Amino acid sequence: MTTSDTAGFDAIVIGAGFSGLYALHRLREQGLRTVVLEKAENVGGTWLFNRYPGARCDIESIEYSYSFSDETQQEWVWTETMPRQPEIEAYLNFVADRLDLRRDIRFHTEVTGMTFDEAASRWEVRTAAGDTLTAPFVVAATGILSVPKEPEIAGMDTFGGLSLFTSRWPKHDVDLTGKRVGVIGTGSTGVQLIPVVAQQAEHLTVFQRSPAYTLPWEVRPFDDGELDELKANYAEIRAAQREHAVGAARLSAFSVMFEMMTKPPLKSASREEQLRAIDEGGIIGALSWGDVFFDIEANQMAAKLYGEAVARIVEDPATAAALTPTHPFGCKRPIIDQGYYQTFNRDNVTLVDLRKGPIVEVTPTGIRTEQGDYELDAIIYATGFDAMTGAMTRISVTGRDGMSLADFWSTEGPYAYLGIAVAGFPNLFIVQAPGSPAPASNFVTALEHHVEWIGDCIEYLRANGYSTIEALPDAQREWIEHTAELVAPTVLVHPTCNSWYNGGNVPGKKRMYMGYTAGIPEYRRRCDEVVDAGYAGFKLA
Ligand code: NAP
């Protein structure tokens, strides 16, 4: 295939991250002439861009990897229980080479727009270089956390020092030795980055708007022979993973949270029992109560207990208090860390609690807050993502009757059917769209199922002479209502929670919890039911 070859594809995949690579392999195996359009220079998606110091996955390597190919899972060698970013990037390159995927990937090719041609029942996909490619099917493997959320702080451009963004970290080494560094953002990214930067910088100032709940975690290299033993049992490991609600059966922050729900309620625990919980379980013990996810009062009690556990690690009482969260535990994606709280005992680390006075502006020499000015040589922005919908709303997607996807999602809400398809946009499959189980699970388990469902669906359409499939608005509404009912009794929808889960982290974004929380097996059962009923909720033509 040459790069000027623009017509006659059976499927166009957008993005060459985890989802796009598998979609290409799967559709090609089915005999579809498939091309992947990728704006970056290589495979990897979000794992290519988020190469900041300390970046690593929070699911075990043997589960945060493709299960569809026994060769790749047997051949690839993970070195640690939870992989660092360079190892995941190398793994995705290995898969691309091993499955000979690169010949159908066009790098440096950014998709800017796509329009459904109703007469021809196909998509016209436009690129930044001015090419138009056509295919009946588009699989948007554009990523759930791929579009950075710009922090929108006044004066950012005026800073005379080094400005760094975790979500587009430079490829070359960044030496922060001897520098006064400021970090804005204490989500999963900031919590991973801060302990590593603290070891390099002359001084680190952490600008914290919302303290994180973060679970201390041991990550270790595999012992001799351990990985081989795991690989020998891969069939069982994958089976257990697929049957687990969060798509990861081994120990992870998700499985710990799941276990928390099985514990006795905090509201009826005596003070002695509460103290025993933190004596024995530390930070995790503070949160391990069955009622915290469903009862906001219990959740607030757990937050206080959490603060007590933090104060046992952080020596300065004012800093410990500032590090204690007030938003509900569980309403944001869980975080794990290696030595986060211990970092605040270092002489070269200062915490600025922005709840006491926010950032006013970035100045040429640092950051001005209502509490004072901080002179800095470098500022690192770890301010998160326009998640779930961000990537697709940055492409001008026009469906039936001129309908715009970005307009629909911003006016009606981030609706999709089964977390895969949006009514009005025939033959467009979005991997991990709103309503997918991905946010509350292992992304790789969720995306493998999506890709397989999409592949099977396209095969069914072609085998049965259908040229289009389209979600029906009623089915879409019912799916969204169902997802909303599932989270209604939980703290996930508490109004004080601003999270990428609900769009509350992006000013002006329509607020709605965007995941499916009944677990992967139940989700799979419902998807199977839809298929068994002849693609119920879809119109096939
Ligand atoms: P995030 O969880 O959305 O955190 C962003 C942080 O930036 C928050 O502390 C936020 O404060 C702060 N912030 C944003 N704008 C700000 C502003 N203008 N002024 C001050 N503070 C500001 O984003 P993230 O840390 O990148 O993580 C996002 C997701 O990526 C995670 O939930 C996870 O799914 C994934 N991730 C995973 C890993 C891993 O596998 N271990 C690592 C990194 C990321 P507020 O909370 O007050 O808005």
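**Exercise 1.** Which helix gives the largest share of the shell around the ligand?

*Solution.* The model is a predicted one, in which local features need pLDDT of at least 70 and side-chain atom pairs count only at pLDDT 80 or more, while totals for chains, interfaces and linings use all residues. Residues are numbered from 1 along each chain as its sequence is written, and side-chain values use heavy atoms, with hydrogens and water left out. Helix H5 (residues 188–200) supplies the largest share, 3 residues, where helices are DSSP runs of H or I with at least four residues, numbered from the N terminus.

**Exercise 2.** Identify polar contacts of the ligand, that is, pairs of N or O atoms within 3.5 Å.

*Solution.* Begin with Arg209, which places a polar side-chain atom 2.8 Å from an oxygen atom of the ligand. Next, an N or O atom in the side chain of Lys332 is 3.0 Å from an oxygen atom of the ligand. Finally, a backbone N or O atom of Pro151 lies 3.2 Å from a nitrogen atom of the ligand.

**Exercise 3.** Describe how helices H9 and H10 pack.

*Solution.* First, H9 (residues 271–287) and H10 (residues 296–311) meet at an angle of about 70°, and their axes, lines fitted to C-alpha atoms over the stretch in contact, are 9 Å apart. H9 is therefore roughly perpendicular to H10, a label that covers angles of 65 to 115 degrees. The contact, meaning heavy atoms within 4.5 Å, includes Leu275 and Ile278 of H9 and Leu305 and Tyr306 of H10.

Definitions and conventions:
A polar contact is a pair of N or O atoms within 3.5 Å; within protein, one must be able to donate a hydrogen and the other to accept it, and residues adjacent in sequence count only if both atoms are side-chain atoms. Helices (H or I, at least four residues) and strands (E, at least two) are DSSP runs, numbered from the N terminus. Axes are lines fitted to C-alpha atoms, for helices over the stretch in contact, and angles run from 0 to 180 degrees between N-to-C directions. Angles under 35 degrees count as roughly parallel, over 145 as roughly antiparallel, 65 to 115 as roughly perpendicular and the rest as oblique.
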